[in-house]
Amino acid sequence: MSAVTEGATGTQSGPIGRRMKRKEDPRLITGRGNYVDDISLPGMLHMALVRSDVAHARITSIDKSAAEGMEGVHAVITGEDLDVGAPLPMVWIPPGVEVKTPEHWPLARGEVNHVGDPVAAVVGSDKYGVIDAAAQIVVQYEELPAVIDPEKALEDGSPLVHDDLGTNKTHEWALGGGDMDAAMAEADVVVERRIVNHRTAGAAIEPRGCIAEWRGESVTLWTATQIPHLVRLFLAGELGVSEEKIRVIAPEVGGGFGSKLNHYAEEVLACYLSRKLGRPVKWLETRSENLAATTHGRDLIVYCKMGVKRDGTITGLHAKIVADLGAYYQLLTPFIPCFAAFVMSGCYKIPAVQTDIVGVFTNKFATDAVRGAGRPEATHAIEVMIEQAAAELGMDPLELRRKNFIPKEDFPAEVAVGVVYDSGDYHGTLDKLLEHVNLDEFRREQAELREHGVYRGIGFSTYVEICGLAPSRVVGPSGVGIQGGFWESAVVRVHPSGAATVYTGSSPHGQGHETGFAQIVAERLGIEPENVEVMHGDTDTGPFGMGTYGSRTLSVGGEAAGRAAVKVQEKAKKLAAHLLEAAPEDIELADGKYQVRGSPDKGLALADISLAAYVPENIPEGMEPGLEETSFYDPENFVWPFGAHAAIVDVDIDTGKVEVARYVAVDDCGRAINPLLIEGQVHGGIAHAIGQALFEQVVYNDEGQLITGTFVDYALPTAAELPSFETDRTETPSPVNDLGVKGVGEAGTIAATPTMVNAVVDALRPLGVSYMDMPLTPMRVWQAIQEARGAGSGPRATEQGRQTDEHGSGSAGSGPAAPAEGGES
């Protein structure tokens, strides 16, 4: 079920705002898409990898003789055989901060540091034969102690993941503003919790895969990636090849969620072996490999402290984050937890906010961006703390939120950490949410159901997120320290017939960009979206692009396409003026015609103008033939979507099972280009987050063995576990870009985990459960109920001059209270 605020969009006569079905869907749902696994090249060989089955060990020997002697095997290589020019990249070098960075080679050299660490590669003519050959390679290990718990990893005397670095601490980084000591002194109550945001997998429906074909001096790589242009850039250094001799193609990509926002070892290996053997080389990831050796997300321990006055005014918020980064880095591994700091104020006017982050090496696979990338973790902490504080104060959590919301009239609003929120109406989205959720009626029903043994709860979250990565001056080398720019590019080409092609540097993986971009360009040119083709994902077509992630594609890539189309429109107006014998400033685009203002009968269609541009017998003096323009767009600020979500759950107190009875979401992503695309993204985001809240968790045991290495053990939600989501929206245009748009791809994921946790805690408060960490599996919920019944009381807030209780984190028992300020985690 979906709705939209009455009058939110106004009259939508043009393509923008139209509820248009996705142009790409017919080929995708009829099996005519072209994914990596659909591609077969003449003479193609197949690659399989030997991966470590221990978490931490020295490699004492590798015997590959049996595999090399097998029929159809063309090559077997180890880390000692591999000759590439650079290790895999990590691109965050923050000014003034030392980040301990181990070399991360495509194949392990001398030591393995996590289960799934690649040790050898086998290439052969049969895709099953290379798997059999890989099984014949004998690797001898001298096992070393595994480091699994990030807090224990920071203790003196802990085994080290990397001996040569001398520490398991990767880096320390902080962002804050305001006087925290004064904020806490001013507070009547200080609420403290230890909040665990556990490790998850991206789990895209299509695992990773790639094919490399080397011909002469050049190589083509087909790869399931979100960043084809960046992969080409990195390969140039690794392979020692000039960038123009590398072509990277992202064909159809079956989901990414950040897990394909990376450059992986297998891409390097496929290219290297194709050059070595003179044949195309294909590698496809198994699901078990995907869960073991494709980036994980989250895995933070957040020690959160919120100061509040008795009237509900929040005086300060301090978060100390211990981030488990795994054994190596991917592109942005150590930066991702830091991204949380930029939204640690949430929707609230908090005078002092501080985030301190400690990164930690463990013997696990790397964490990196997974849908939301730091922002779900921040929002989870803030929104859980809001409801915890409300309970301590005996205050309605919605009233606590309203009291501290940044007022609509304050925008653009600078928050304590120094970033500027572009636009917002947080009261408006919450008001809209409550039009769908009658809270008084719910409380009456809740009380009646409890009399019959049914424990129903309601949870809320109100969120803001940072999107539109990003102003290069802020996040680039001299700013936050990411080694690159974050603009986006587009070319708009109008053909002689009046149809158009858009070449974008963005690279979609299921979001519907071919449709949304077509609507933007069609509106700017005065044609229909059906006559606009959007090309993407091929480094040999269109300009260099930065890719798709961080809900940036519409607000940066779409804006670039819109600006290129405006340039085309301006040229078309000049040519139309010449053809109509009018002044250029008198030409307007209305109802699909370039016409003289006030004279609708005197106008030309774009096809008429484009034909004149390509047959240049009658064009203005000095005008170049053709109708094509390029735009590179680097935004001046981020964009800041926001919203309000509510969940109603039923908890079976005998089994601990949580059933989601209802989920309502009101989101504001600025101007709507296509409401259907918005709803699809919100639905997917909510499902992703409910999965984390209730089911999903990547688990390593004390020896570093991955025990959730298949979908038998890593539980994903299905339609049977989810209700039909109820969605609505408001529209608060962003002043940052001409389209007025924000992002929406991660909104549901950012909002839904605290919504779910707050709902379950609300259901169980009568039983003494006052706090729980995710995942809220039946066993964990049941245990929390039993512990609460036995303990009798949950965590206490700190009155000024008093200490928190020993656990400080809830009757579910999620660990000790925060360490003293400045102490070791």
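Predicted model: local features only at pLDDT ≥ 70, side-chain atom pairs only at ≥ 80, totals over all residues.
User: Which domains is the protein chain divided into?

Analyst: There are domain 1 (25–33 + 487–633), domain 2 (36–144 + 207–253 + 260–293) and domain 3 (296–469 + 637–790). Between domain 1 and domain 3 the count is two salt bridges.

User: How do I read the size of an interface like that?

Analyst: In general, interface size is often given as the accessible area lost when the parts come together. Here, domain 1 and domain 3 bury about 1500 Å² between them, with 51% of that on carbon and sulfur atoms.

User: How many residues does the contact take from domain 1 and from domain 3, and how far apart do the C-alpha centres of the two lie?

Analyst: The C-alpha centres of domain 1 and domain 3 are 39 Å apart. Domain 1 gives 20 residues to the contact and domain 3 gives 21.

User: Let's turn to helix packing. What describes two packed helices?

Analyst: You want the angle between their axes and the distance between the axes. Take helix α16 (residues 553–580) and helix α17 (residues 606–614): they pack at about 85°, and their axes are 10 Å apart. That makes α16 and α17 roughly perpendicular to each other.

User: Which residues of α16 and α17 make the contact?

Analyst: From α16 you have Ala572, Leu575, Ala576 and Leu579; from α17, Leu606, Ile609, Ala612 and Ala613. Sorted by class, this contact of α16 with α17 has eight nonpolar residues, with no polar and no charged ones.

User: Now the backbone. Where is a peptide bond cis?

Analyst: Check omega. Ala470 sits in the loop between β18 (455–464) and α14 (472–475). Another cis bond runs from Met774 to Pro775, and its omega is near -10°. You'll find Pro775 in the loop between α19 (747–764) and α20 (778–791).

User: And phi? Which residue other than glycine has a positive value?

Analyst: Have a look at Asp299, where phi is near 65°. Asp299 is placed in strand β13 (residues 296–308).

Note on methods. Residues numbered from 1 in each chain as written. Heavy atoms only, no water. Axes fitted to C-alpha atoms, helices over the stretch in contact; angles between N-to-C directions. Helix = DSSP H or I, 4+ residues; strand = E, 2+ residues; numbered from the N terminus. Parallel < 35°, antiparallel > 145°, perpendicular 65-115°, else oblique. Contact = heavy atoms within 4.5 Å. Nonpolar A, V, L, I, M, F, W, Y, C, P; charged D, E, K, R; others polar. Domains from an automatic or database assignment. Buried area = accessible area lost by both parts, 1.4 Å probe. Salt bridge = Lys/Arg side-chain N within 4 Å of Asp/Glu carboxyl O.
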